[in-house]
Amino acid sequence: DHDLIVINGAEITRKLSPGHVNAVFVTDANPLRTIEDRDEDNLENAKEAIREAQRQGGFTFWNHPYWGRDFPDGVLVVSEVQKQLFSEGLIQGIEVASGHGYSEQTFQTALDHDLVILGTSDIHGLIDYDYDLAAGEHRTVTLVLARERSADAIREALVEGHTAALFLGQIIGREPQVRAVVEGALTLVPGTLREDSQVLPLTVRNDSPVRMILRNVGEKRFYNASDVVVVPAHTEVSVRLTASPDPSAVVLPVEVINAFVAPGTSLRVDLKP
C-alpha cells in the first residue's frame, strides 16, 4: 500500500583503491563477497566484485571519496589507480555530497572524469537521528531526472548522468540537469502596470520543496528589494522591476545562488513569463 520504488543494492567495502563502492540494481549480493577476510583484500579481488555487480546490471559509484580516514586533511587526491578504475568504467559515479559532508574537489573530479554526480544520506539509523525534519531539514539525496516513474527509467537516467545532488538546500550538478531542475521549479508571472508607471509588478513562484536564492543580475533593478531575493519552497514572492513598460517582453536574468554547476559557480537563468 505504498508507491515506493525499492532498488536493491550492496556495498563493496575495500581498502583504497577502490575504497567504499556502492552497487545498486544488483540481483544477488552473495557473489560480491570475493574475500573471506581482510588479508585477501587487494585490488584484483575488489575489481572482480565490481565486475560481478556490473554483470548483474549494477550501477557502481565511489562513496564519500573525501572520507577523513582516507584523507585526514579533507582534501581529495585521486590516485592513478583510481583514475584507471574510472577509465575502465568500473566506477561510474561519485558522491559529491554524503550525509553532512560536501567536497568541491570531488565535484571537480566528477566533472573532470565524466562521473555521474550523486548525493546520498549515508544514514545508518533513523533519519530523525541525523536531521530535524520538523524544522524543515532534509537528508542528502540524488535527484534523478528520469523519463518515467519506474526502476528501469531510474537506472537509465543514472547511467546517462541525468542527476543532481541535493545537499542542505543546495542543488549541485552539471549545468543541463541543474537548469532543468531550476526551470521546472520557478515561474515568472508579470502583473499589471499602473497608469503612467513603468515599474512592473512581478510574481516569482517556486513550486519545488527547496528554497531558491536569486540574485538579480540584469540591468533593470528591483524597485522594492535588494538584488537578492529568497523564494521559499512552495511559495511565491512579489517584486517590482524598474523601466519595464512592456509586460509581455519582460526578462529577469538571475543567478541562482544555491544552485551550483561547478565549484564556486552558480547557475544563471533568464526567467520569462
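Author: A pocket is an open set of grid points with protein on both sides within 12 Å along at least five of seven lines. The model discussed here is predicted.

Reader: Which residues that line the largest pocket are the closest to its centre?

Author: The lining of the largest pocket includes two or more residues from each of β1, β2, β3, β4 (93-98), β6 (116-120), β7 (141-144) and α5 (151-160). There are 42 lining residues, and the closest to the centre are Gly119, Thr120, Arg139, Val141 and Thr142.

Reader: Is Thr120 buried or exposed?

Author: Thr120 is placed in strand β6. Residues under 20% relative accessible area count as buried. The relative accessible area of Thr120 is 17%, so Thr120 is buried.

Reader: With which side chain does the side chain of Thr120 make a polar contact?

Author: Setting aside residues up to four places away in sequence, Thr120 touches Phe61, Glu95, Ala97, Ser98, Gly99 and Thr140. A polar contact requires N or O atoms within 3.5 Å. At 2.9 Å, the polar contact from the side chain of Thr120 is made with the side chain of Glu95.

Reader: What distance separates the C-alpha atoms of Thr120 and Thr140?

Author: Thr140 is among the residues that Thr120 touches. The two are 20 residues apart along the chain, and their C-alpha atoms are separated by 5.1 Å.

Reader: How many aromatic pairs does a search of the whole structure find, and how is the pair of Phe59 and Phe61 classed?

Author: The search finds three aromatic pairs. In the pair of Phe59 and Phe61, the ring centres are 6.2 Å apart and the planes stand at 40°. Planes under 30 degrees apart count as stacked and over 60 as edge-to-face.

Reader: How many residues apart in sequence are the parts that the pair of Trp62 and Phe86 ties together?

Author: The rings of Trp62 and Phe86 have centres 6.1 Å apart and planes at 50°, so they too form a tilted pair. Trp62 belongs to strand β3 (residues 59-62) and Phe86 to helix α2 (residues 80-87), so the parts tied together are 24 residues apart.

Reader: Which residue caps the N-terminal end of α1?

Author: Helix α1 (residues 43-55) has 13 residues and spans 18 Å from its first C-alpha to its last, close to the 18 Å expected. At its N-terminal end, a side-chain oxygen lies 3.2 Å from the backbone nitrogen of Glu44, and the residue that supplies this oxygen is Asn42.

Reader: Which elements each supply at least two residues of the lining of the largest cavity?

Author: The search finds one cavity of 30 Å³ or more, with a volume of about 40 Å³. Its lining consists of Val204, Leu214, Phe222, Val229, Val237, Val239, Leu252 and Val254. The elements that each supply at least two of the lining residues are β14 (235-241) and β15 (252-262).

How values were computed
Residues are numbered from 1 along each chain as its sequence is written. This is a predicted model: local features need pLDDT of at least 70, side-chain atom pairs count only at pLDDT 80 or more; totals for chains, interfaces and linings use all residues. Side-chain values use heavy atoms; hydrogens and water are left out. Rings of Phe, Tyr and Trp (its six-membered ring) pair if their centres lie within 6.5 Å; planes under 30 degrees apart count as stacked, over 60 as edge-to-face and the rest as tilted. Helices (H or I, at least four residues) and strands (E, at least two) are DSSP runs, numbered from the N terminus. The expected span of a helix is 1.5 Å times one less than its number of residues. A polar contact is a pair of N or O atoms within 3.5 Å; within protein, one must be able to donate a hydrogen and the other to accept it, and residues adjacent in sequence count only if both atoms are side-chain atoms. On a 1 Å grid over the protein atoms alone, a cavity is a set of points where a 1.4 Å probe fits but cannot get out, and a pocket is an open set with protein on both sides within 12 Å along at least five of seven lines; lining residues have an atom within 4 Å of a point. Grid points are joined across faces, edges and corners, and a volume is the space filled by probe spheres set on the points. Buried means under 20% relative accessible area, exposed over 50%, partly exposed in between (1.4 Å probe, protein chains only). Contact means heavy atoms within 4.5 Å.
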